[in-house]
Amino acid sequence: MALINWSSADRTDLARIAAEVLSWERSVPDSPLYSAFALGIAEDPDLLRLVARIDNVPPMNLLLGAVKLTLSSADALAAWYPHLTSQARPAGDAAFAAFRDHVLSRADELLAIAATHRTQTNETARAAVLLPWIPTEVPVHAIDLGASAGLNLCLDRFSYAYTGDRAARLGRGEPRLDCEVHGDIALPTRLPELASRTGIDLSPIDATDPDAAAWLEALVWPEHQDRLERLRAAIEVRRSVDVRMVAGDAATALADVVAALPPGAVVIWHTIALYQAPPPVLADIDAAVAAAARTREVVRIGFEPVTAGQDPEIRVGPVFADAPVVARAHPHGRWLQSAA
Ligand SMILES: C[S@@+](CC[C@H](N)C(=O)[O-])C[C@H]1O[C@@H](n2cnc3c(N)ncnc32)[C@H](O)[C@@H]1O
């Protein structure tokens, strides 16, 4: 969760910093380890002073990502994490003590990482949420707005196991995305054929760069072994697939990207990305989609949080704000619920 007033917060007020850390803690119900660390930090003036020195947001994600990054080749990783991967066995004092020692002894290194990295992830399992609405009758040019590392532009190479009210198996490759379907959702019978793949992002990540891949991995919370495995598998796929990444604002880049494509239908999607964009950016994206739709077939699929505290919505239509809600889904694609 973003710490909304972080830039203007009084960083010398440790009670205020502790309150922010506790507020962040409430957003990590599925990481007992990070929850325990946050509760420990909130009572530890030395650690609070260190958190206060992180300028970027959210500082807790950056600190914990930096810790995980600096542990990845160290024995400490094995010592801290395995016995904490079960929700039934919460983090103990020994783990927090080891964490505290690590943070304080390598404070400068961790702060440097926090100052130079962004909390930018790429959730592969969101592909399972998009797939039912991607046309399969004809090859389509795929454009991902806010693509991050562009991993989901390889979604035709992944495999899918839908279970629940509707079931389907598609593809054979890794990663395998498991998604539980609630309600009446027409699942595809085959994977789409992507004629081209373009990702637009304000700050694209080159997942084939080992340092960038290591940071993507570091941002995955330690208990989420399934997410980590999917991420690694998707990065492997990405190495052999031709994805064009465009650095820029989708508001200005989209029209040129579409204009440069060979003839053919276009599918434009955005997953947990454009909720970050201000209204003028959204209006420009809507206009670019509308302009593209005047020259070719265009399908736009948005998967975005709309209402605080509610699951993100999937909407299909040229203007996300006006488009009908077709489903809701778990933010990491674990389940898909029909809107009907
Ligand atoms: C939370 S990440 C999600 C990434 C990816 N879509 C996924 O589902 O894993 C949001 C991404 O959107 C990008 N983004 C936000 N606003 C954007 C804009 N106006 N144009 C292009 N990219 C944008 C950010 O840089 C970031 O990489």
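Colleague: Helix 12 covers residues 279–293; how far does helix 12 reach from its first C-alpha to its last?

Modeller: Start with the expected span, which is 1.5 Å times one less than the number of residues. Helix 12 has 15 residues and reaches 21 Å, close to the 21 Å expected. Helices here are DSSP runs of H or I with at least four residues, strands are runs of E with at least two, and both are numbered from the N terminus.

Colleague: What should I know about the model itself?

Modeller: This is a predicted model: local features need pLDDT of at least 70, side-chain atom pairs count only at pLDDT 80 or more, and totals for chains, interfaces and linings use all residues. Residues are numbered from 1 along each chain as its sequence is written, and side-chain values use heavy atoms, with hydrogens and water left out.

Colleague: Which residues of helix 12 are buried?

Modeller: Buried means under 20% relative accessible area, exposed over 50%, and partly exposed in between, with a 1.4 Å probe and protein chains only. In helix 12, Val281, Ile285, Asp286, Ala288, Val289 and Ala292 are buried. They lie on the same side of helix 12 because they cover an arc of only 160° around the axis. That arc is taken from the directions from the helix axis to the C-beta atoms. The face turned away from the buried side carries exposed Pro279 and Pro280.

Colleague: What do the buried residues of helix 12 pack against?

Modeller: Contact means heavy atoms within 4.5 Å. The partners are strand 1 (140–145), helix 11 (250–259), strand 7 (265–271) and strand 8 (298–304).

Colleague: Which residues have the most contacts inside the largest nonpolar core?

Modeller: A nonpolar core is a set of buried Ala, Val, Leu, Ile, Met, Phe, Trp, Tyr and Cys residues joined through side-chain atoms within 4.5 Å. The largest has 51 residues, and Leu155, Tyr160 and Tyr162 have the most contacts inside it. Helix 10 (residues 225–239) gives the most to this core, with five residues. Apart from this core lies another of 38 residues, among them Phe37, Leu47, Leu62 and Ala107.

Colleague: Where does Arg230 lie?

Modeller: Arg230 lies in helix 10. Arg230 counts as buried at 12% relative accessibility. Leaving aside neighbours within four places in sequence, Arg230 contacts Thr124, Ala125, Pro175, Arg176, Leu177 and His332.

Colleague: How many aromatic pairs does the structure hold?

Modeller: Rings of Phe, Tyr and Trp (its six-membered ring) pair if their centres lie within 6.5 Å; planes under 30 degrees apart are stacked, over 60 edge-to-face, the rest tilted. The structure holds seven such pairs. Trp24 and Trp221 form an edge-to-face pair, 6.3 Å centre to centre with 65° between the planes. This pair links distant parts of the chain: Trp24 is in helix 1 (residues 14–25), Trp221 in the loop between helix 9 (210–218) and helix 10, 197 residues apart. Trp24 is buried at 0% relative accessibility. Trp221 is buried at 17%.

Colleague: Is the pair of Phe96 and Phe99 stacked, edge-to-face or tilted?

Modeller: Their ring centres are 6.1 Å apart and their planes at 35°, so the pair is tilted. Both lie in helix 6 (residues 93–105), three residues apart, about one turn of the helix. Phe96 and Phe99 are both buried. Trp24, Tyr34, Phe37, Phe96, Phe99 and Trp221 form one aromatic cluster.

Colleague: Which residue lies over the face of Phe320?

Modeller: A charge sits over a ring if NZ of Lys or CZ of Arg is within 6 Å of the ring centre and within 35 degrees of the ring normal. Arg315 lies over the face of Phe320, at 4.9 Å from the ring centre.
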